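Subject: Structure for your files, with notes

Hello,

Here is the structure I said I would pass on. My notes come after it.

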Amino acid sequence: MSEPILTKRMVAHPSDSHTLSRYLDTGGYVGLRKALFDMTRDDVIAEVKASNMRGRGGAGFPTGVKWGFLAPATPRYLVVNCDESEPGTFNDRELTERDPHQLLEGIIISSYALGVQQAFVYIRGEYPKAARRLQRAADEAYEAGYLGTNIQGSDYSLELTIHLGGGAYICGEETALLNSLEGRRGEPRLKPPFPAVEGLYAKPTIVNNVESIANIPWIVENSGAAYAAIGPERSAGMKMVSVSGHVNKPGNYEIELGMTWRDFIFDIAGGIRDGLELKAWIPGGASAPWFVPDVHLDTPFTIDDVASNGSMLGAGAVIVMDENTNVVAAAHRLVYFFADESCGQCTPCREGTTWLADVLKRILDGRGRPEDIDLLLSISESISPGLKWPPMMTTICPLGPSAVSPVTSITRWFRPEIEAMIPGSEVSHG
Amino acid sequence: MADVPQVSITINGVAHSVDEGQLLIAAAESVGEYIPRFCYHDKLDPVGMCRMCLVEVEGPRGTMLVPSCTTTVADDMVVDTESEVVKRAQEGILEFLLLNHPLDCPICDKGGECPLQDQAYAFGPGESRFIEEKRTYLKPIPISDLVLLDRERCVICDRCVRVADDIAGDPLITFTQRGGAVQIQTFPNEPFSSYFSGNTVQLCPVGALTSVDYRFKARPWDLEHRRSVSLVDTMHSSVDVQTSRGKIVRVYGVENNAVNEGWLSDKDRFTFGAVHADSRVTTPLVKKGDTFEEASWGEALELVASRLGSYKASEVGAIGGAHNTNEEAFVLGKFMRTVIGTAHIDAQVGDGLDSHFAAAVTPRAKINDLDAAATILVWGPDLKESLPVLYLRVRKAVRNGAKLVVVNPVQTGLDSIATHVLTYRAGTGSDILRKIKSGEAEFADVHATLDEGPVVALIGRTSIAEDPRLGEAVAAFARSLPDATILPLLTRANIFGALDMGLSPTLLPGRVSIRSESGVAALESAWGPLPDFAGFSTMAMLHATVAGDLKTLVLVGADPVRDSINPVVASQALETADFVVAIDAYVTDSSKHADVILPAAVWGEVDGTVTNCEGRVQRIRPSLEPAGRSLSITGILGDLASRMGVALDASTLGSVSEEISTVAPAYEGITVDYLTFEGDPDGVVVPLADADQPLGFIPVEVTVPVVTGEFTMHLERTLYDDGVWVRNAPSTRDLVPLAYVRVHPGDASRMAISDDDVIVIADTVQLPARLDDTVSRGTIVVPANRRETANLVVTGAVTVDVVRGDA
């Protein structure tokens with residue numbers, strides 16, 4: 001396993017890794033100076049491209065390629081997405097709270113490369129500590145000349161604005177985030193146009209995840225090729241993974257991808273607590289279809305393998321369920337989340353997710369009917385035609401299809417369990 | 001018009017050639033392939049929210065399901081609107097929409113004309129599988145005096161939000177909450193009192209928005225429809241007048257893409273109740289002593305004919321005709337000039353513009369020219385209050401990139417979207433015009449903007465207190481701008497038609513100047529000799545009546561006591577006159593002075609044509625028989641003429657129409673038949689290609705004196721005022737805002753005036769003051785056309801006093 005990139009400082013210096021003095025002590029802002037004084041903007045972009053780093057927010061789109069789409073018009077903006085609301089993810093929080101300068105340095109270098117004069121960080125309103133820590137770090141950076149006019153004596157200037165969200169998962173979707181930042185309702189926009197062409201205030205905008213940006217200083221210091229050499233080619237670099245659920249060692253981990261799920265769950269996460277058996281796990285946050293031991297335990301933990309096996313790595317969030325888990329209750333909880341967080345713009349998500357949650361609740365309450373399982377699947381098909389993976393959508397954004405994942409997962413892998421809760425079905429004895 | 005480039009697309013296996021740049025849903029509709037939809041509307045920016053319009057399009061990675069309302073056609077696009085996947089999606093969407101939709105059809109206004117009903121029937125699954133509890137809301141809730149909201153019925157299509165925000169510029173209705181709790185709401189303490197609220201009722205695809213005045217009144221299959229035009233102003237928006245059991249119950253907007261594009265103001269929409277008002281005069285009234293008594297037509301007409309015939313021609317004058325059709329106006333002019341023999345005839349009441357300017361300014365703009373304009377200049381009445389649908393057209397042009405320059409003594413509804421706003425002290429318009437022309441100092445930017453053509457200049461009188469010649473001076477300047485066209489702004493009903501029919505002392509029918517010898521000769525060859533003396537304008541007629549030179553006045557739908565600049569002279573004239581006959585549908589401050597009131601048929605009861613501010617002639621159609629014993633004035637005048645022993649030859653609409661086409665040069669070829677059977681149903685702008693407009697008025701620089709004095713006055717119109725239509729219609733009569741006078745705080749403090757102190761204007765009008773720092777110093781802003789200001793003699797400068805204590 002390669003050395004950690006993102007968590008090295010916070011692990012070595014848990015009490016003050018968030019301060020400027022510790023940051024400078026441990027090699028901070030070296031990459032920035034290199035970028036500003038020894039590299040052109042195109043040089044920086046070339047290194048990011050060469051790193052093969054795929055966006056860490058969930059979509060996995062190569063960051064360097066995304067940067068290449070930025071339209072030439074000015075002004076242009078960099079917006080860092082710290083809305084981290086996918087249930088199961090909490091790595092951006094840790095990065096922001098405990099190593100904010102690493103994130104800032106990444107922002108400044110990226111903004112320099114992209115020709116951005118104003119950058120924004122959108123932090124979900126439920127992360128007050130992260131917001132405070134980042135604001136304090138930004139204040140330090142302004143005072144020390146790493147932000148503001150003529151950074152470190154160069155002729156590059158950058159203003160940074162930190163904005164708090166109002167509490168909506170959908171604002172993690174990049175265009176809904178932009179709308180929210182502009183003071184509008186946090187609703188996804190139609191694409192095209194894409195943010196790289198018409199984004200914040202209809203100007204060219206790059207929206208990147210916190211973890212993606214936090215990697216930039218290391219890439220600039222050590223070269224894109226060095227980053228690409230870590231891990232499998234199409235899942236290059238170190239990846240933060242948040243693990244929660246019925247494991248002995250929940251928490252954030254920074255790993256090289258490529259190991260099997262068995263290794264990850266039983267070695268890294270310490271196996272199932274209380275000596276219980278593994279029943280299922282969600283490989284990539286609440287939106288992802290579930291994996292089960294019989295089928296997926298020995299498949300590789302990489303972006304592409306997870307996708308080809310019918311799920312997604314997403315932002316790196318693993319939720320582990322033991323043998324005592326009521327899968328209908330779990331599915332209901334997840335679907336209810338999506339119903340609650342739906343922005344409400346489009347018919348299938350607004351009505352369909354609520355309906356799915358209602359039916360699951362009815363089954364949980366013992367008032368299910370035998371036809372309800374097929375009904376759940378039919379509702380799901382109205383949101384996600386053919387129940388394909390990756391999903392086809394009748395919706396504006398993937399939130400609707402996300403709600404379908406728990407439904408397809410429990411019906412595919414645990415149908416008898418659902419039937420057992422339904423009076424009158426063949427399996428139940430009620 | 002240049003050909004639009006085409007692209008080739010295949011829909012359901014059939015190849016089509018369609019206009020490039022179109023949305024797929026519109027392109028499909030244009031070739032007869034209807035794709036169902038709720039949120040899409042061709043006049044609104046697409047939002048892709050309802051998801052009903054999903055179709056399959058072949059792409060590089062296989063077939064994709066895309067919303068056709070947000071997809072632009074591309075060459076070689078292959079589309080399937082009927083595949084199993086599409087049908088399944090449509091069923092799914094409809095099932096979802098009906099999940100929480102209340103089963104209100106039996107009591108819902110929309111039933112029978114409901115896109116949700118229709119599409120559920122055509123594309124839906126047939127039965128619901130939903131057994132959970134539906135989402136409910138308190139219903140309906142009034143969101144304004146005119147509109148009710150039922151949130152349970154709402155399908156979250158965003159049409160009403162877009163209409164209010166994008167089209168009207170009144171973001172008063174919007175979504176709150178999220179997910180299944182999303183609902184339409186208004187803001188706290190801010191009702192949906194937009195002048196355009198009725199459009200949301202028409203566009204709502206379900207019964208979520210209903211109008212107070214139509215609720216529960218009729219079922220769509222009971223309605224009879226008549227396409228006509230609204231005469232609440234000079235836009236002449238196309239309307240569908242809908243009647244049930246002999247009464248007008250609803251007025252809907254018709255998509256006339258040359259005029260209103262389907263939109264209406266609430267005044268167009270909700271004042272039809274005045275047609276059925278109890279206050280209508282429907283029987284001839286003869287004054288006996290101080291009161292009116294009902295009389296028979298025979299009695300009344302005999303009286304009028306004998307009295308009119310007893311005066312010299314030059315002692316008779318006619319005021320009015322602006323509320324009538326072109327044919328009625330033409331007959332009125334012919335009656336006065338050939339039966340009575342007088343030249344004193346004027347459809348304006350001293351509150352408008354020079355009649356040559358209004359009727360024949362050149363080059364004249366068309367409303368659609370706004371869409372091609374680079375720069376729009378608005379120097380006239382506040383369009384939002386006076387010509388609201390024209391205001392919508394200007395907004396549309398600005399949204400599409402046109403620059404806007406607004407010049408006015410007060411803030412106007414267009415200011416927020418204008419590139420330049422120039423506010424001047426009332427009465428000093430010529431001063432600011434000079435500065436704009438010179439481009440000096442801070443006017444350089446405005447001057448530069450106005451130099452970007454094509455320029456469309458909307459020019460009128462900013463208030464009745466403004467010198468009417470200022471408009472001409474502005475027009476002369478506008479003419480010098482690149483590729484400039486001018487739209488003259490008058491606001492009263494069919495005033496442009498009336499002027500085109502010669503209802504002015506200096507105009508003959510068909511845009512002919514009275515000073516044109518050939519014009520006079522041509523008309524005389526048809527009508528016989530015309531009066532040989534110069535005719536008076538309305539103000540001159542009123543003064544002459546007071547002086548005793550004029551003895552008789554014929555008022556045709558005119559109220560000079562209320563509408564002219566001098567109500568004192570007007571009432572004196574009507575009192576002094578020997579004989580006054582009013583042809584009107586209501587008793588007004590003017591017609592109450594009459595010796596005889598002959599009841600006239602009104603809008604909704606008359607047939608013919610009318611002409612709007614751009615010179616567009618449209619058909620106006622009757623939906624009802626004239627109320628009670630009212631008659632069209634053509635009939636009235638024809639009868640009078642025969643009693644006076646002169647044939648008027650105005651027996652049928654067709655014959656009058658033929659005559660107009662023959663003797664009115666600018667209207668050559670325009671007959672009722674032509675418009676009905678050959679012309680564009682959206683109307684035709686006169687003159688036709690091979691007709692001639694003899695009078696082409698070229699505005700020249702005129703010197704307009706600057707008004708001096710401690711206070712100058714600006715009379716401000718609001719959409720809802722004390723006008724005949726608004727006050728006689730139950731839906732609108734209570735919408736008139738409070739009357740007060742706006743004063744700049746600096747002037748107020750100098751005179752020790754506070755908010756709500758009563759001040760006296762010109763020693764006649766008393767109103768509470770309202771301090772407002774958007775008003776220029778040295779100007780007071782007084783509400784126009786209100787009962788409270790009815791006695792006000794309008795002057796440029798005015799005295800202002802404060803009422804103190806028991807003084």
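Predicted model: local features only at pLDDT ≥ 70, side-chain atom pairs only at ≥ 80, totals over all residues.

Residues are numbered from 1 along each chain as its sequence is written, and chains are lettered from A and ligands numbered from 1 in the order in which they are written.

Chain A overall

Chain A has 20 helices and eight strands; these are DSSP runs numbered from the N terminus, with helices being H or I of at least four residues and strands E of at least two. Its radius of gyration is 22 Å, close to the 22 Å that the globule rule gives for 430 residues, so chain A is as compact as a globular protein of that length. (The radius is taken over C-alpha atoms, and the rule is 2.2 Å times the number of residues to the power 0.38.) Along the principal axes, the C-alpha atoms of chain A fill a box of roughly 75 × 45 × 35 Å. Of the 430 residues, 57% count as buried, meaning that 20 or more other C-beta atoms, placed from the backbone, lie within 10 Å of the residue's own.

Domains of chain A

The assignment gives domain 1 (8-228), domain 2 (233-322) and domain 3 (327-420); such bounds come from an automatic or database domain assignment. The C-alpha centres of domains 1 and 2 of chain A are separated by 26 Å. Between these two domains, 19 residues of domain 1 are in contact with 19 residues of domain 2, where contact means C-beta atoms, placed from the backbone, within 7 Å. On the domain 1 side, helix 6 (91-98) and helix 12 (224-228) are the elements that give two or more residues.

Helix 16 of chain A

Helix 16 (residues 327-341) has 15 residues and should span 21 Å at 1.5 Å a residue, which agrees with the 21 Å between its end C-alpha atoms; the expected span is 1.5 Å times one less than the number of residues. Eleven of the 15 residues are buried, so helix 16 is largely enclosed by the rest of the structure. Among the buried ones are A:His332, A:Phe337, A:Phe338 and A:Glu341. Their cover includes strand 8 (317-322), helix 17 (347-364), helix 19 (399-413) and helix 20 (415-420) of chain A.

Cores

A nonpolar core is a set of buried Ala, Val, Leu, Ile, Met, Phe, Trp, Tyr and Cys residues joined through C-beta atoms within 7 Å. The largest has 352 residues, and A:Val79, A:Trp281 and B:Ala478 have the most contacts inside it. Helix 16 of chain A supplies the largest share of this core, nine residues. Another core, of 24 residues, lies apart from it and includes B:Met713 and B:Val798.

Chain B and the interface

Chain B is divided into domain 1 (6-82), domain 2 (135-273), domain 3 (285-352 + 497-685), domain 4 (366-489) and domain 5 (711-802). The C-alpha centres of domains 3 and 5 of chain B lie 33 Å apart, and eight residues of domain 3 are in contact with six of domain 5.

Between the chains, 26 residues of chain B are in contact with 26 residues of chain A. Helix 2 (residues 84-99) of chain B gives the most to the chain B side, with nine residues.

Regards

Key:
Buried ≥ 20, exposed ≤ 12 C-beta atoms within 10 Å, placed from the backbone.
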